[in-house]
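Please look through the structure shown here with the text beside it. The paragraphs go from the contact between chains to single residues.

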Amino acid sequence: MDWTLILPETALLLLCVLLLCLMLIRKTPAAGVLSPLMGIATAGVGLAALWSFGFSGILFFSTYRVDLFSQCFKLLVWAAFFLTVFFSRSLHEIDDGRRLEYYFFLSAAALGMMMMASAVDLLTLYVSLELASYSLYLLSALKNRGRDAEAGVKYLFFGAAASGVFLWGASLLAGISGSTSLAGISENIHGLIASPASLVGMIFVCFSFLFKLSAFPLHFWAPDVYESAATPVVNFIATASKAAAVAVLARFLMFLPPSPEFVRALTAIAFASMTLGNCVALWQEDVKRLLAYSSVAQAGYILVGLLAAGGEGFSSAIFYTAAYVLMNAAAFFVVSRVALDSGHDNPRLSHFDGLAERSPFLALVLLISLLSLAGIPPLAGFTGKWILFSAAMDKGHWFLVLWAVLNSVVSLFYYLTLVKHAYLEKPKEGLPPMALPLAARTVGLALCLSIILLGIFPNALISLAQEAVLSGGLH
Amino acid sequence: MSQSLESYLFISSALFAAGVYGMLARRNLVALLISLELILNSASLNFVAFNRFLLADKTAGQVFVVFIIALAAAEATIGLSLILLLYRKKHSINIEEAKELRG
């Protein structure tokens with residue numbers, strides 16, 4: 001067995017073990033020591049992910065598959081993990097004494113998400129899904145004041161019910177096909193793909209990942225968790241967890257081509273997610289809740305690509321997910337700085353008043369990320385939506401695409417409301433300009449540049465995504 | 001009693017339905033946790049039944065069930081600890097009390 005294939009996972013596992021040992025010694029290093037150490041360790045994991053990029057192989061009795069598809073998503077999860085660790089430097093919402101636990105659960109969640117990208121067996125899928133979820137449940141409750149426990153409990157119960165439904169669906173699929181590996185299922189299920197049992201099985205299996213993606217009927221947890229969890233945790237849930245869910249859904253639909261009934265169900269979910277997310281976001285005052293509803297709508301756009309299926313559909317979904325991770329992280333970067341500045345964990349729209357005067361740089365990052373989320377050219381969000389919608393048009397989903405475009409127009413309204421607060425409103429009397437450390441400035445600049453460059457020169461990433469889809473399929 | 005696959009599937013469907021009903025109808029967090037266990041156990045029952053009658057590899061279903069049991073235990077631990085945290089803040093484990101977050 002070749003251990004270099006799973007180098008990033010091994011590195012993360014070692015990091016988890018190290019953090020666990022430190023917790024057992026009961027000696028929490030000072031925040032000034034721990035944050036740079038975590039930064040270095042995370043960079044090491046990133047190097048491992050880059051090193052194993054392009055490797056391919058099948059491991060652990062063919063339950064674990066390393067290929068370009070999985071490695072792309074691992075890099076994406078790593079990028080989200082790195083940004084989260086970076087945002088955690090100025091984390092005032094969690095006690096210093098709980099820092100080690102915080103980083104431990106963060107690393108464990110990242111490990112689970114990386115495993116999700118490689119899992120090709122129902123059992124591996126289940127174990128990695130739960131590793132990621134359990135860590136996230138605890139992370140969302142790990143805050144030293146406020147209404148944290150409530151959101152954590154809600155997240156846990158909705159999530160656990162979703163994974164119970166996943167298990168029931170998985171048992172049906174395994175029973176019909178006589179195998180637990182995705183390849184075995186897709187081999188044996190051919191004649192039965194349209195049977196009610198396999199349809200129910202597939203919908204139930206997707207349930208858990210639609211939950212992670214916060215698509216319509218399973219979105220209830222998102223606004224509450226976004227509102228009450230610590231900002232870096234929310235950033236992690238909004239980026240890495242979504243990327244991992246897209247990875248699993250894409251892999252699953254590649255192995256088991258959906259029947260027309262299933263596509264119809266997904267269409268309805270995408271339709272409802274976009275409509276509900278965008279309409280409710282219009283009324284939100286709390287910026288984190290606004291971003292939660294925006295993520296419900298964005299889940300709808302990603303589903304448009306996934307249900308279009310085929311090389312075009314999946315590769316456009318991968319591209320959009322990458323763009324989504326970047327633009328969402330940029331938005332949360334600004335939110336976390338504003339939260340830090342105002343001393344208010346849940347900044348409201350009014351906290352953004354006059355941001356352009358107080359910190360032109362942050363206002364610019366906010367502008368770029370929100371315009372990209374709304375899909376304005378020449379940013380990454382526009383290019384991503386363009387290829388998503390053209391892939392869906394090719395498959396004849398013209399009504400859904402028309403609806404999605406209309407929805408993008410509606411979404412522009414609430415994104416621009418936030419921009420209006422930042423650019424047109426006057427700051428409150430006597431507020432000083434916001435200082436921004438050099439490191440934060442660099443990360444903000446990198447995020448902005450990557451959003452713009454991805455929008456103007458998308459070809460390299462699109463062709464990478466297409467190759468990834470080719471490598472991730474059955475053959 | 002005939003031991004057919006159908007009878008096992010019937011029982012597991014009933015357990016699953018009872019679990020989902022409990023999740024929707026009950027308001028006590030511990031009752032919700034119990035309903036959750038019903039759902040997981042119905043899936044386990046499905047796996048062993050399929051394993052006995054249909055699965056090619058006779059170990060696959062059993063291994064799966066062992067994993068489900070282990071992860072369900074971890075889930076109950078996390079669930080109970082969060083319920084305890086909520087109880088310390090609100091002195092209630094009724095989900096109706098956890099209503100500060102809305103909309």
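What follows is a walk through a predicted model, beginning with the place where the chains touch.

Start with the two sides of the interface. Chain B brings 40 residues to the contact and chain A brings 43 residues. Between them an area of about 3,500 Å² is buried, and carbon and sulfur atoms give 76% of that area. Three elements of chain B each give two or more residues to the side that touches chain A: helix H1 (5-25), helix H2 (29-53) and helix H3 (60-90). The largest share of this side, 16 residues, comes from H3(B). Sorted by kind, the residues on the side of chain B that touches chain A are 28 nonpolar, 6 polar and 6 charged. How many salt bridges join chain B and chain A? The count is 0. Polar contacts do occur across this interface, with 3 residue pairs found where both residues have pLDDT 80 or more.

Arg65(A) has 12% relative accessibility, so it is buried. Asp67(A) has a relative accessible area of 4%, so it is buried too.

Another salt bridge joins Lys154(A) to Asp224(A), with 3.2 Å between the closest N and O atoms. This pair links distant parts of the chain: Lys154(A) is in helix H6 (residues 148-177) of chain A and Asp224(A) is in helix H9 (residues 221-228) of chain A, 70 residues apart. Both Lys154(A) and Asp224(A) are buried. Asp224(A) also forms a salt bridge with Arg289(A), where the closest N and O atoms are 3.7 Å apart. Here too distant parts of the chain are linked, as Arg289(A) lies in helix H12 (residues 287-308) of chain A, 65 residues from Asp224(A). Both Asp224(A) and Arg289(A) are buried. Through shared partners, salt bridges join Lys154(A), Asp224(A), Glu227(A) and Arg289(A) into one network.

Now turn to helix H15 (residues 360-374) of chain A. Its 15 residues reach 21 Å from the first C-alpha to the last, close to the 21 Å expected at 1.5 Å a residue. Why is H15(A) described as largely enclosed by the rest of the structure? The reason is that 11 of its 15 residues are buried. Among them are Phe361(A), Leu366(A), Ile368(A) and Ser372(A). The buried residues of H15(A) pack against several helices of chain A, including H12, helix H13 (310-342), helix H16 (380-394) and helix H17 (398-423). Just after H15(A), Gly375(A) takes a positive phi of about 90°. In the loop between H15 and H16 of chain A lies Pro378(A). The peptide bond from Pro377(A) to Pro378(A) is cis, with omega near 5°.

Thr321(A) is placed in helix H13 of chain A. With 1% relative accessibility, Thr321(A) counts as buried. Its side chain reaches the backbone oxygen of Ala317(A) at 2.6 Å. Not counting residues up to four places away in sequence, Thr321(A) touches Phe73(A), Leu76(A), Ala243(A), Val246(A) and Ile302(A).

The other residue, Leu19(A), lies in helix H1 (residues 7-25) of chain A. It is buried, with a relative accessible area of 3%. Leaving aside neighbours within four places in sequence, Leu19(A) is in contact with Met38(A), Leu100(A), Tyr103(A), Phe104(A) and Ser107(A).

Phe60(A), which is not a glycine, has phi near 50°. Phe60(A) is in the loop between strand E1 (57-59) and strand E2 (64-66) of chain A. Ser214(A), also a residue other than glycine, has phi near 50°, and is found in the loop between helix H8 (196-212) and H9 of chain A.

Technical notes
Residues are numbered from 1 along each chain as its sequence is written. Chains are lettered from A and ligands numbered from 1 in the order in which they are written. Side-chain values use heavy atoms; hydrogens and water are left out. Contact means heavy atoms within 4.5 Å. Buried area is the accessible area (1.4 Å probe) that two parts lose on being put together, summed over both. A salt bridge is a side-chain nitrogen of Lys or Arg within 4 Å of a carboxyl oxygen of Asp or Glu. A polar contact is a pair of N or O atoms within 3.5 Å; within protein, one must be able to donate a hydrogen and the other to accept it, and residues adjacent in sequence count only if both atoms are side-chain atoms. Helices (H or I, at least four residues) and strands (E, at least two) are DSSP runs, numbered from the N terminus. Ala, Val, Leu, Ile, Met, Phe, Trp, Tyr, Cys and Pro count as nonpolar, Asp, Glu, Lys and Arg as charged, and the others, Gly among them, as polar. Buried means under 20% relative accessible area, exposed over 50%, partly exposed in between (1.4 Å probe, protein chains only). The expected span of a helix is 1.5 Å times one less than its number of residues.
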